[in-house]
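These are my notebook entries on what I looked up in one structure, kept in the order in which I wrote them down.

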Amino acid sequence: MKRCFPLLFLACASLPQVAPAHVHGEARLEIVLEISREGAQKSAQLTITLDTPLDNLLGFEYAPATDAEREAAASMEKQLSHPEQLFVPDAAAQCAVTLFELESPLRTEAPKNEHDHGDKHHHEHGEHHEHHEHGGHDDLEAHYRFTCKNPDALQGLKVRLFALFPRLQHLQVEFAGPNGQRAAKLDAKNTRFSW
Ligand SMILES: [Zn+2]
């Protein structure tokens, strides 16, 4: 069954933009569909932004310190670098990946120095999180674009993130296209979003 809450979404969209909450198990997916024409030739651009706590992908949110953690981080980046394995637009639309960009805090962050405050550093999970606070929680943002030769056949896409990253439980999808906006929540049993 399709789940759509247009009124709720419009109400949310009119609120001032706030940073999405950092909740482990939850992530956000923004999908923008644009149709362009060149003469008789139509094409579609599907721009996808994934915003997720690193914990959903890795099980930790700090710069890798051990070989196992470094390996896990490298393998995650490798998986996220294959958009066609993460998102499957309708085959008849003939979509191909044309852009891909990963903003991972792990790439730029130098190894953290241990502070010596006499008492042990306290890691509080599950409580209120501040964004971009070092030693706390971190998000990863990934950008993807597909260009599709047959926009009329493009009615939706399948998300395969749940199979690859089992810590991810819910994906809040926000879609904007030529016919308006929609929102839905996906999970491991409900992996297709249609518009
Ligand atoms: Zn976190």
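**Entry 1**

For "buried" I used 20 or more other C-beta atoms within 10 Å of the residue's own, with 12 or fewer counting as exposed, anything in between as partly exposed, and the C-beta atoms placed from the backbone. Strands here are DSSP runs of E with at least two residues, helices are runs of H or I with at least four residues, and both are numbered from the N terminus.

I noted that this is a predicted model, in which local features need pLDDT of at least 70 and side-chain atom pairs count only at pLDDT 80 or more, while totals for chains, interfaces and linings use all residues. Residues are numbered from 1 along each chain as its sequence is written.

Next I looked up the sheet, which is open, has three strands in the order 3-6-9, and shows antiparallel pairing. Its edge strands are strand 3 (87-89) and strand 9 (192-194), each of which pairs on one side only. From one strand to the next the twist averages 20 degrees, taken between axes that are lines fitted to C-alpha atoms (for helices, over the stretch in contact), with angles from 0 to 180 degrees between N-to-C directions. I count two strands as paired if DSSP finds at least two bridges between them.

Strand 3 is joined to strand 6 (residues 156-159) by three bridges, and along this pair I found Pro 89 opposite Leu 157 and Phe 87 opposite Val 159. On strand 6 and strand 9, which run antiparallel, I also recorded three bridges, and there the bridge partner of Leu 157 is Phe 193 in strand 9.

**Entry 2: Leu 171 and strand 7**

I then turned to Leu 171, which lies in strand 7 (residues 170-177). Why does Leu 171 count as buried? I found 23 C-beta neighbours inside 10 Å, and therefore Leu 171 counts as buried.

Leaving aside neighbours within four places in sequence, Leu 171 is in contact with Ala 27, Leu 29, Val 159, Leu 161, Lys 185 and Leu 186, where contact means that two C-beta atoms, placed from the backbone, lie within 7 Å. Ala 27 also stands opposite Leu 171 in strand 7, and seven bridges join strand 1 (residues 26-38) to strand 7 in a parallel arrangement.

Leu 186 is 15 residues from Leu 171 in sequence, with a C-alpha to C-alpha distance of 5.0 Å. Strand 7 and strand 8 (residues 180-186) run antiparallel and are joined by seven bridges, and a hairpin connects them through two residues. In that pair, Gly 177 has Gly 180 in strand 8 as its bridge partner.

**Entry 3: the chain as a whole**

I read six helices and nine strands in the protein chain, and buried residues make up 25% of its 195 residues. Among contacts in the chain with a separation of 6 or more, 71% are between residues 24 or more positions apart.

Finally I checked pLDDT, the predictor's confidence in each residue from 0 to 100. The chain has a mean pLDDT of 83, and 75% of its residues reach 70 or more. Over residues 1-17 the pLDDT is below 50, and this stretch has 11 contacts in the model beyond near neighbours in sequence. Residues 108-134 also stay under 50, and for them the model has 14 contacts beyond four places in sequence.
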